[in-house]
Amino acid sequence: SFTISLHKADNTTVTIKLRPGVSPRCSILIKNAIKTELKVKPGENVTFVFTCSTPEKFYIMEIQKNIDCVSGPCPFGDVHLYPLGLPRLNRTYIWDVKASTKAGLELKFSTPWLRQIEPGETCPDSISYNINSCIDKATVNIGTFCRNGSVSRVKLLGGVVMSLHLPWHSPLTTSGFNIANRASIKRLCIIESILKGESSITLMSPNYPLGFPEDELMTWQFVIPSNMRASVFFHNYSLSNCERKEERVEYYIPGSPSNPEVFQLSDSQPANIAGTFNLSLQGCDQDAQNPGILRLLFQVIVQHPQVDENVTHLVDLSKEKNMTVTIHLEGWPSLNPLMSEPVCLICKDPRTCDRVLTLASGAVYRISFLCKDLSRLRITAEKGIGCMDIRWCQRKTYSLSVPKAITQLPIRLYKFIWKLLATDMINVEITSPSLKLQQHVPEQRCNSSYSYSIVSSTPETELNVGVFCPGGSIEKIQMRNNITISLKTFGKGLINESIPQDLKMSFVPHIKDECTFTLSPNPKAKVYLQTPNWPYGLPPYVSISWFIVVPGKQTARLGFSKDRMGVACETGRAYLNVKEELLGAEETVRREDELLPQPRNMHHNFWVNISNCKPVDKTQLTLQFWVTFADKQIDLGIILAVVAGVGVLTAIGLTVCCVKKKKKKTQNPMVGVYNANVNTQMPGKKGFFGKERQNNESHVYAVIDDAVVYGHLLKESNGSVAPEVDVYRPFDGPVGSLPPSPPPFSFRKDIKRSSNTEEEPPTLTDTDQDTYTFAHQKSGQSEDKGDANGKDKGDTSVPLLENKEQDGLME
């Protein structure tokens, strides 16, 4: 059984009642009377028992003591837990102290003092204090506190309601505070906080988060050792709608030339404060119709002064445009707003410091660091480059390099972002002339200290072009849409200029494909390439091209990492096109339902183009291929053909010399070609020559117009004579620098891909006059279908006129 005996002079009431939300499976038994609630008033003596062995699961207890400091003497000193011998239940002690607003009260807490917590937060030991100020009939919640903190005293205007919540198993036997004295403070409250050593505290304005009382003033006093430094950070605040006055915070800092220092809540608050200081919050007269809410949650960080706090670093951004530089702690922007101690701070002047500092272009800054370990800091920068009219920016080349103002700081560069903005018909070209870029793929990973991530985006879609690093084969990347290039560092990052940078950008007119790569690989390299948006697949209807330059005296070998594209099309077809940059070169085309080409040799520069369809759900077009190089094998037949060609050219050159000498002596230059079958004897007298003309053949010629035989040579001089040579020359049209174009999505005929299929030769047009060759064959010879490599070989010798071709001959 339990007995509760209360003295009438103590003015204390004890109430035992059921816990909210618990079914009454346990009762209180008093003199054979069963009750679910018991209230013991001053002067009463009650004995009772519980009908269960675990009453703490069902009941709670409140012990309220009323103290009058207005009409009688105030009981200064320690406040005791009264009465003793209470049941082991969750209990709340409440001290309701009445006091005059002209006198006020001071509550002093014994060590280990108190720590303020946010509403809804619980204390580790489940022991908590709640302080309310009572002014006339109004009650203001000063805050909820746990033990083990820095709050040592609280001064309140008027009366106070102090609550202590103890769990049923708590061994605490003292209240932990006393009523120190009475003093007029002329403000809502004063909270004193004593900080020793490196520490961090979080405090809130009264009634947080509901709102600070209208037109009130309160103060926090921070006692800081003289050899320490304190910094204030506002993490969460809101402002009310003021009719008169202005909401603000005021600092009283000993030694400051302008006490009090006034700040808006939106300002950066003072940092690196030496010694003790005060912080006051001032409200305003609020709009009666729409008062709003004034509230504040802030943090004070105390740490040792840093050795290099007086060392400043010059950051000159005066010549930069559209750029911001942010210096921050590692993990930003997902940092916990509440900091632990000690903390790294970045200062743009001795009293303006924060964990994050943003510098804008067009200005010069002198910054310093309050940080023991600068390796915890990072730099993130962003620069914008735009082009709205191609006429003004087409010929400009922009260097995408990190400015010296950043690389000279003793902080690791984490990321530098370039945002390249252009209109729909203007595209971006990225070049790396000296270093060249390597695409980061599983088979060929980047191992440099930094890499570039390139993303092409529109308001609707985003294409991750890939990750690239220096030291590869990619000389140029052309892309459509707006481009974001992010340089990200690894290891120590770009902290000096020993690591070269060579990335340039220019704006170019509209390109056909979504993205085009130009590669000039090292002859000894093996290059791996893969489609953008890896591994998620190309977006629908996107076309990507690669142009690979094959070095001289080298043969490239092209292979694909898998047998098929691996995509199923819902609309349209997906195509792979491979074509050498050569007149008449055969184009290899594969659809998504066909096998990809086997590894093959490419003797000339070539294109690889991949065009996507609209894939069926859950299937994506991802493709990877590789290119290697080997020395060309010289064929004996080719050597003989070259020697024969040189002989023919020599003969033509000698003949041209004779023709030019002939042309000097006659106005109508003619060309003589020996013909043994022509009758050259003139009618009339015989025996004019000692030897007859049919036997003397030294002056026998068949005369034809020299333009017929040497039209291509004469064309070089005046360009007006069209050759009349009836020859056949296969031709596929001129080859330019554009990639092969797949059939349109709306209509695509089946393309014959058999290597034995012969195509009809196109008609020789006027634009082809500089590429024709003599291709006549002698009687009885069969046409050579080509060498082993599929190249046509014709007889390039100059043919003699046969007997039947005598029309138009003259002596």
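1. Start with the disulfide between Cys 569 and Cys 613. The torsion about its S-S bond is about -85 degrees, so this disulfide is left-handed. The S to S distance is 1.9 Å. Bear in mind that the model is predicted.

2. Where do Cys 569 and Cys 613 lie? Cys 569 is in strand E48 (residues 569-571), and Cys 613 is in the loop between strand E52 (606-611) and strand E53 (614-615), so the pair ties together parts 44 residues apart in sequence. Cys 569 is partly exposed, at 21% relative accessibility. Cys 613 is buried, at 0%.

3. The structure holds nine disulfides. Another of them joins Cys 344 to Cys 371, with S to S at 1.7 Å. Cys 344 sits in the loop between strand E29 (323-329) and strand E30 (345-349), and Cys 371 in the loop between strand E33 (364-370) and strand E34 (377-387), so the link ties parts that are 27 residues apart in sequence. Both cysteines, Cys 344 and Cys 371, are buried.

4. Cys 387 and Cys 393 also form a disulfide (S to S 1.7 Å). Cys 387 is buried, with a relative accessible area of 1%. Cys 393 is buried too, at 5% relative accessibility.

5. Now the sheet. Four strands form an open, antiparallel sheet in the order E18-E27-E20-E24. Its edge strands are E18 and E24 (273-274), each pairing on one side only.

6. Is strand E18 (residues 199-204) largely enclosed or open? Five of its six residues are buried, so the rest of the structure largely encloses E18. E18 pairs with strand E27 (residues 292-303) over six bridges, in the antiparallel sense. Ser 200 has Ile 301 of E27 as its bridge partner.

Technical notes:
Residues numbered from 1 in each chain as written. Predicted model: local features only at pLDDT ≥ 70, side-chain atom pairs only at ≥ 80, totals over all residues. Heavy atoms only, no water. Buried < 20%, exposed > 50% of the residue type's maximum accessible area, 1.4 Å probe, protein only. Helix = DSSP H or I, 4+ residues; strand = E, 2+ residues; numbered from the N terminus. Pairing = 2+ DSSP bridges. Disulfide = S-S within 2.5 Å.
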